[in-house]
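Morning, everyone. I have one structure to walk through, and I'll keep it brief.

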Amino acid sequence: MAGDDGYIYHIELSRKGIVLMQKHKICDDDCSISCLTFDPPHNRLAVGTKQGALYLCNPLKLAEKEVLFSVHGGNFIAVDILDPGSDIVVSLREDGEFQVWDIETAKPLASMAIGLKGFLYLVDVNNVAEPRVVQRVRIHRTPVTHLTFNDNGMFLLTGSGDGHVFVLDGRPSAKFVPLGHIDVPGNVIAMTTYLDEKNGGNTKVVVTTDFQNKDMDSGAATVIYLELPAGLAEGIGSKHTNLRALFKNEVINKNQYSLKTPLHGVALTDNNVFFGLIQTQEFTKRLGKFHLPTGASQEVMVPTMEYPGHQLVGGSLKMSPHHKWLGSCGADGRVMMRAVGALDRAVDVYAHSFSTGGVSNIIFTTDTSRVITTGYDGVMSCYKWNFTAAGAAKASQAVQEAAHRHAKLADIGATETDALKAMARWIPVTNEPRHSFVQTPEQMKETQDEAIAKAIAIDEIFSALPAVPALNPTWLEIQEHEAVTAEDQQYATFKHELRVQIREMRRKIQVMMKDNDAVPDIEKLSHPEFDLDIDEQLRLQANGEIEIRKIREEIEYENLAKMYLAELIKKECWDDMDTKGRGLCAFTSPLVVYNYPLRKRSAAEIEELDQDCVVCQEYGGTTDSLYSQFELHTREQKMNQIVLLKDIIHRIREAFNKEFDDVYEKKQQEMAKIKEKNKRIRKIHMDLRLPDTIVDPEFGDIERPELLLIVQDDEDVPVPAFMSAKSVEEWSEEERKVALEYEKKCKDLEDEREKYRKQLEIELKKLQVMNEERQEQFDEVIYALFDRKVKSEMVIYQEEMKIMRLRLSLLLWEELDSRELDLNALHEHKNVMKQEKSAKAVLNARHQVDIQREKYDILVVEDRLLDKGFKKEFHDTSPIQPHRLKGAESPVYDQASGNPFSEYPSPSYIAEMSKVAMDAALQDLDKFSNAPDGIDEDLWHHLCHYRRLKIESEHMIKEKSQLLSDMQAFHQKRIDEDEQIAQDINDLCNTISKLKEDKLRFVCNLEVQLVLKQGQVEIDNTAFIPDFQNSLLIHRSVIEDLNAKIRNLGEHKIASMEESKDFRKGIIQLEWCDDHEARKAHEIALLEQTVDMQRRQHARAVAERKRSLTDLKRTIRGKKDDNSMLNTELNDINVAVNERRHIHEVVADKTTSFDHEEKYRDIVQRRKLVDLAKAQAQEVAVLRAEVERLRMRTFPALVQVER
């Protein structure tokens, strides 16, 4: 016997009992034995396992076994590329088989069995022919479902269904030591990482989980975002919240968000963007683009963009190594490739069958040149890109980035590869020590309760049992055990003191209770009086009651609010509706037709319609009051057209609703008739004693939605009494006669029942056929109503599109009017400014400039006269030095000499101070001590007087010149402003003119909506929506006239070509008659030469054939000798074949000729298909020749004849 533990037991049964003779494990790894069988002599035992292996054992010595074959069953659960730039892929199957594959040859290079659930195996594959396990770590209690390295291999993250995500040091030099873990809610659905090299090399991680531990196929409801610092492994102890190695949230920047829709798969890229496959509330499967929020946790995330996805729910995503391409796979068996910059376009490949579950995994090679997929059909596929010119450029960019990453990590990779090679092979421990004190949690609790009871009984201090690790513990359980042990050691003294105090309190209470038992009954206290802290208990009870009241009130208010909202919704969507929305279901198909819910038309709408009662001619009325689309020029016409079109839509819906009500009443009548028939059918079933499977048709919630708003609340022959009370021996003669009569009646009744049964069966079939016919007839009515609904929808959508276009034109018209009003107002404002302000300012400034120039000219003339007077007054005086006669210059204010932040003096103050300084300087110069030698004092004073006059004159001229310059600049500024206003007015006039032209063009250039038949649209329909931008709308008569002209011209051309052909033919005939005799003589001479040459060639060919015949006879004799030898060998081979056939018939007794027959049928079918293809190819060739012949007849070719 054998079982799931993989052991075979040899048991001997005897009178003494059952004796175990042998016990042997059939395979080294975990396996389950599925079947056992002996050969007929019972000398050998065949053993089969669930893992696909077949062994042959010796029953007396089970250790002597032979492996007949061992295949690895199960689907691929993981696949990945081995090394950048290599063609090696590693995979893992469900049965724990680790395999290494060559992409080019699609052949396995090596394999080995690994896999206990929850263990992490680190495998060295530097030697692809001999992979080896270098380390094994128990990470999870449940199977490991996700393994993810970050881009530089610094971190390794694992996920499972136990609510933890572990982070390990991914470097072999660090021995893959676990760094810590993060608690997550529920099962890990997907996990992705992104190395942010712009942010100090931190690794961003996104983990999606199902919050309520639902089925993993239902998708994720929660997103956890982490950010692992590059130096996380340094000082790891300070980054944990406790000794259980739980990371601090501030260290890893952990945030948790909720999802509005379920999410499958996740792929993270730069700019805090990640993608996922979402299932919306409308049950559509889409690809969603998400942005990680910057806010706090518990924020609800919704996709910012959605793109077409897969056809079935589920799937996974994979980002290419250069983060430019996104791959997705799903349960529909398709693989979709997209560029991150153009997610709306995808390359779609049907990779695996959807019937087996679709695609399970998808990966890119490091240079993104290949895509590898695995499916639930047990197949691994490799796809190679067939690039276009643009795609090849993008692929070369991906290859360059891959080479750059490889070169960047080359040094680190070489170091870690050497460290991995230096690690020793991990050897499994066959007999792991089991703790004799390991107990289940229930056993541990029972033991602890017994120890507490025993300690209380003997009045001792109870000491808690030491923490015991679980069997084969995980890394987290080891950390927790070490933390508990350290905590017990740290607080052992404090716990002992607390237990001593509790023991003393217990002793006192027990003494008090004994004393209480000894006192009289009237003085005794009840046992609850000895309970500790009664006030606290009452307070907690009172707080509980308050909380209950508060929650009850909140629930009542919430229910009241919901009731009010429900009443509002009912009034808005049901009570106020003139025609309430409902559907109509078919009897025998899932087809449902809905009517149009309509509101009551308000008085304003009816008054606006006035007397324009128009309805679409084909679907409920006439269109006489409508404007033509070529006449909608004014705003009022368009507004009236919108009102009329709305009325058309309303009347179309009313017409359809009327027809819908008629069909609804007809269904009620049909249901009543079917129920009447069903009553008779039930009676027939009852008479035939058939099960009642008849279901009466009823209106459902779709057909009677008001139900959603209401809450609801055989004939036998009697058996004589003596037949059941007495036995047959006790019957009397009279009773025997009665019994015989009873049997006769029963027989007659059975005959009548059989006749009646046949009649009822015939009637039942007839009634069922009638019901089916009625249902089919009504379904045809439903189909007609559905067609009517589709056509009505088409008309309504056309009219609504007209309304939308008219509204758009009205908005554009209003925008043009508003723009024109603004421009006119601005133009008027500019004209007022130019006339009232700018022109007057220019005239006033010009007048002031002229006055000031006149004053300046007068001062200049006076100064010149002063010079002339000076020469006349002092014509007899010796020359005076110019520098002695030059007046003192006025002092200038020096800004650099004073405080730069001081107040700058005013111009009047500066002028006054300059005058004072000038007077002081002149007084100093007027002193006679400054006079030149040899000059009289009176003359000196007279000279100083003239000098004063000259200086004052020059000073006044300078001031007037400066003032004139400022006034001229002011005047020029006013001129520029006036010219600018004039230019603005001119620009506004041009803009207003252009706007008026646009308005005129908008009024005249109308947009018309037409419904064209197929064949009347003469444009390229390569796009889904045709582009009519460069098209013209032409009347069909124009095209027909043009085609008629083309046909006439074609006929004339053909006639002229035939005439030219006939004329040319006559010329050729005449030339041929002249040269016929000469050509004949030349041809005869050529024929004679050819005959002579053929004779000589024939003689040489005959000699050659004779020599070949001699050689063939010699070859035939050799072949006969070889055939005799082959016949001898054939006899020996036939004997061997017969022996093998006999062996095959003995061993393979279950084989049939089914495979041979199927192969034969395939061969015959292929032969027929080949013959059919040949016949069709011949027919195509004949048809092609016929087409060419007809074409040549239609278009005659004018061939140039050589002379």
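Start with strand 26, which is covered on both faces. Trp325, Gly327 and Cys329 are buried on one side, and Leu326 and Ser328 are buried on the other. Buried here means under 20% relative accessible area, with exposed over 50% and partly exposed in between, using a 1.4 Å probe and protein chains only. So that you can find it, strand 26 is residues 325–329, a strand being a DSSP run of E of at least two residues, numbered from the N terminus.

A word on what you're looking at. This is a predicted model, where local features need pLDDT of at least 70, side-chain atom pairs count only at pLDDT 80 or more, and totals for chains, interfaces and linings use all residues. Residues are numbered from 1 along each chain as its sequence is written, and side-chain values use heavy atoms, with hydrogens and water left out.

Now the neighbours of strand 26. Strands pair if DSSP finds at least two bridges between them. Strand 25, residues 316–319, pairs with strand 26 in the antiparallel sense over 4 bridges. Serine 316 sits opposite cysteine 329.

On to strand 27, residues 334–339. Its pairing with strand 26 is also antiparallel, over 5 bridges. Tryptophan 325 has alanine 339 as its bridge partner.

Four strands run in the order 7-8-9-10, with antiparallel pairing. Which strands stand at the edges? Strand 7 (76–81) and strand 10 (107–113) do; each has a single partner strand, so one side of each is left without a neighbour in the sheet. Strand 9, residues 97–102, is joined to strand 10 by 6 bridges. Glutamine 99 stands opposite serine 111 there.

Finally, the whole protein. There are 16 helices and 35 strands; a helix is a DSSP run of H or I of at least four residues. Of the 1203 residues, 28% count as buried. The accessible surface comes to about 81800 Å², and 55% of that belongs to carbon and sulfur atoms. Those areas come from the Shrake-Rupley method with a 1.4 Å probe; for residues, only the protein chains shown count as cover.
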